[in-house]
Amino acid sequence: MADLERRFVVVTGASRGLGAAAARGLAAAGCTVAGCGRNPERVRAVGKALGPPHELAVVDVTSDAVEGWAGRLVDRWGPPDLLINNAALINRPAPLWRVPRAEFSAVVEVNLKGIHNVLAAFLPAMVERGRGVVVNLSSGWGRSTSPEVAPYCATKFGVEGLTRALAQELPERMAAVALNPGVIDTDMLRRVWGAGAGAYPSPAEWAERAVPCLLGLGPGDNGRSLTVPG
């Protein structure tokens, strides 16, 4: 991606946590950033902080609205040079047999089906052009497990498999990467660990390391399972 003068980046789940930090860092690095989130107030706040030409939209990655959103972005900016699937949910900590079916389904809907929905909307234009990098956010819990977060673990293991299979389908000049962000003090982690999450880096601190990592990805990384350097 280093040959591109100004990269167009799409980030899902960009209205909070790692997604918002990545969007800010990528914009500061000279990229044009488009993102989405579900909470209108947070979307407005991050969009205002970024300012033009960057743009955030209220879009649920599990909805049919993704297709129209992707079409508008591609019409304006062309296919993304970097597509980051960050949107995710985690279940309330509980033994697997006590996780309500609706909650389990919601985690799967966002963490796996949401990624497919976004890929189906953006990849045709990326593949037609024959260039671009897809980053699907995985987790340490996509490569190991812990009690009481089984639904989340299951989906992140799924992200790893989905990404490796996708990598085998892409043209030579493209790449799909499963990226573990590391342990970061996010609202999601605090839901599981409470105040203990405060011992880890903030999303803004994480973005200082993550943005160079993201912008350094290219075809040679296709199919790899990577972790943001600590």
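This is a predicted model: local features need pLDDT of at least 70, side-chain atom pairs count only at pLDDT 80 or more; totals for chains, interfaces and linings use all residues.

First, helix α2. This helix runs over residues 40–50, and its buried residues are Val-43, Val-46, Gly-47 and Leu-50. Looking down the axis of α2, these buried residues fall within an arc of 100°, so they line one face of the helix.

What sits on the face of α2 turned away from the buried side? That face carries the exposed residues Glu-41, Arg-44, Lys-48 and Ala-49. As for the buried side, its cover includes helix α1, residues 17–28, along with strands β2, 32–37, and β3, 55–58.

Now the two ends of α2. At the start, a side-chain oxygen of Asn-39 comes to within 3.0 Å of the backbone nitrogen of Glu-41. After the helix comes Gly-51, which has a positive phi, near 70°.

Ser-15 lies in the loop between β1, residues 8–11, and α1. Is Ser-15 buried or exposed? Its relative accessibility is 9%, and the cut-off for buried is under 20%, so Ser-15 counts as buried. With neighbours within four places in sequence set aside, the contacts of Ser-15 are Ala-20, Cys-36, Gly-37, Arg-38, Arg-42, Val-43, Val-46 and Leu-56. Val-43 and Val-46 in that list are among the buried residues of α2.

On to empty space. The general idea is that rolling a probe the size of a water molecule over the atoms shows where empty space is left.

The largest pocket holds about 1000 Å³ of space. It is lined by 45 residues, and the closest to its centre are Asn-86, Ala-88, Leu-89, Thr-186 and Met-188. Which helix gives the most to this lining? That is α6, with five residues. Elements that each supply at least two residues to the lining of the pocket include α1, β2, α4 (101–129), α5 (150–167) and α6 (187–193). Sorted by class, the lining of the largest pocket has 22 nonpolar, 14 polar and nine charged residues.

How many cavities of 30 Å³ or more does a search of the whole structure find? The search finds one, and the space in this largest cavity is about 50 Å³. Its lining is made up of Leu-18, Gly-19, Ala-22, Ile-84, Asn-86, Leu-137, Leu-179, Trp-206 and Leu-214. Helix α1 provides the largest share of that lining, three residues. Both α1 and α7, residues 203–215, supply at least two residues each. By class, the cavity lining has seven nonpolar residues, two polar and no charged. Asn-86 lines the cavity, and Asn-86 is also one of the residues closest to the centre of the largest pocket.

Last, Pro-229. This residue is in the segment after β7, which spans 225–227. Pro-229 has a relative accessible area of 45%, which makes it partly exposed. Leaving out neighbours within four places in sequence, Pro-229 is in contact with Arg-209 and Cys-213. From Pro-229 to Ser-146 the separation is 83 residues in sequence and 22 Å in space, C-alpha to C-alpha.

That is the end of the talk.

Definitions and conventions. Residues are numbered from 1 along each chain as its sequence is written. Side-chain values use heavy atoms; hydrogens and water are left out. Buried means under 20% relative accessible area, exposed over 50%, partly exposed in between (1.4 Å probe, protein chains only). Helices (H or I, at least four residues) and strands (E, at least two) are DSSP runs, numbered from the N terminus. The arc is that of the directions from the helix axis to the C-beta atoms. Contact means heavy atoms within 4.5 Å. A polar contact is a pair of N or O atoms within 3.5 Å; within protein, one must be able to donate a hydrogen and the other to accept it, and residues adjacent in sequence count only if both atoms are side-chain atoms. On a 1 Å grid over the protein atoms alone, a cavity is a set of points where a 1.4 Å probe fits but cannot get out, and a pocket is an open set with protein on both sides within 12 Å along at least five of seven lines; lining residues have an atom within 4 Å of a point. Grid points are joined across faces, edges and corners, and a volume is the space filled by probe spheres set on the points. Ala, Val, Leu, Ile, Met, Phe, Trp, Tyr, Cys and Pro count as nonpolar, Asp, Glu, Lys and Arg as charged, and the others, Gly among them, as polar.
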